[in-house]
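Please keep the structure in view while reading.

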Amino acid sequence: MKRLSLWFLFFFAITTCVMAQRKAPKLPKFNKNKEKQVFLNKQWFLGFKAGINLSGSQVSQEYSIIQPTNYEINTISKVYRNYRDAGKHATLEATFYFTGLSLSFQPTYRHNRFGYANDFTWTDTESPDNRLELHYTQEQNVDYFDVPVLAKYERMYNKFSPYVQAGVY
């Protein structure tokens, strides 16, 4: 049994090496005229992209409208709802392709949402039945436009196409 599986493994390895070395069949050339190839060298692409996004906030400095006098301020800190409120974005894309180099203009509208909540409690020191509890929930909406311009250079090697892309916003 071991001998049979070794023969099978050997045959499989040899077959793989032979098949990997054979050349791909040539496809028929439908455009023999060079002028017709110009269409494939220069092209315009127009597209539309849209979707949803989830946003989070990264707080660099916290602010509060209430300053407690008899307890620590960290007990009234805000609790953020990161990545729970869905926003949206939409992009119109116009790309010009010329022999491996693509220039793309992609104006994008973005609507991001995030929220937070905070609780405030006040209790009268003389009469514990006299108390105030407040719960605030805030939602922040941010609407803006991105206007990226991208350049992309790509080379085709058989079935492998590496590229380099750079751009500015």
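1. Strand E5 gives the largest share of the lining of the largest pocket, namely 3 residues. Strands are DSSP runs of at least two residues, labelled E and numbered from the N terminus. E5 and E6 each supply at least two residues of this lining. The pocket has a volume of about 250 Å³. Of the 15 residues that line it, those closest to its centre are Tyr63, Ser64, Ile65, Lys78 and Asn118.

2. The model is predicted: local features need pLDDT of at least 70 and side-chain atom pairs count only at pLDDT 80 or more, while totals for chains, interfaces and linings use all residues. Residues are numbered from 1 along each chain as its sequence is written, and side-chain values use heavy atoms, with hydrogens and water left out. A pocket is found on a 1 Å grid over the protein atoms alone, as an open set of points where a 1.4 Å probe fits, with protein on both sides within 12 Å along at least five of seven lines; lining residues have an atom within 4 Å of a point. Grid points are joined across faces, edges and corners, and the volume is the space filled by probe spheres set on the points.

3. How many salt bridges are there? The count is 5, where a salt bridge is a side-chain nitrogen of Lys or Arg within 4 Å of a carboxyl oxygen of Asp or Glu. Side chains of opposite charge can pair when their charged atoms come close.

4. One of the salt bridges joins Asp146 and Arg110, at 2.6 Å from N to O. Asp146 lies in strand E6 (residues 131-146) and Arg110 in strand E5 (residues 108-123), so the pair ties together parts that are 36 residues apart in sequence. Asp146 is buried, at 15% relative accessible area, whereas Arg110 is partly exposed, at 23%. Here buried means under 20%, exposed over 50%, and partly exposed in between, with a 1.4 Å probe and protein chains only.

5. Arg113 and Glu139 form another salt bridge, with the closest N and O atoms 3.2 Å apart. Arg113 is in strand E5 and Glu139 in strand E6, and the pair links parts of the chain 26 residues apart. Both are partly exposed: Arg113 has a relative accessible area of 24% and Glu139 one of 39%.

6. Asp85 is paired with Arg81 in a salt bridge, the closest N and O atoms being 2.9 Å apart. Is Asp85 buried or exposed? Asp85 is buried, with a relative accessible area of 11%.

7. Ser55 belongs to the loop between strand E1 (42-54) and strand E2 (79-81). Ser55 is buried, at 12% relative accessible area. Leaving out residues up to four places away in sequence, its contacts include Asp85 and Arg113, a contact being heavy atoms within 4.5 Å.

8. Gln138 is placed in strand E6 and is partly exposed, at 30% relative accessible area. Apart from neighbours within four places in sequence, Gln138 is in contact with Arg81, Phe114, Gly115 and Tyr116. Gln138 and Asn118 are 20 residues apart in sequence and 8.7 Å apart in space, C-alpha to C-alpha.

Definitions and conventions: Helices (H or I, at least four residues) and strands (E, at least two) are DSSP runs, numbered from the N terminus.
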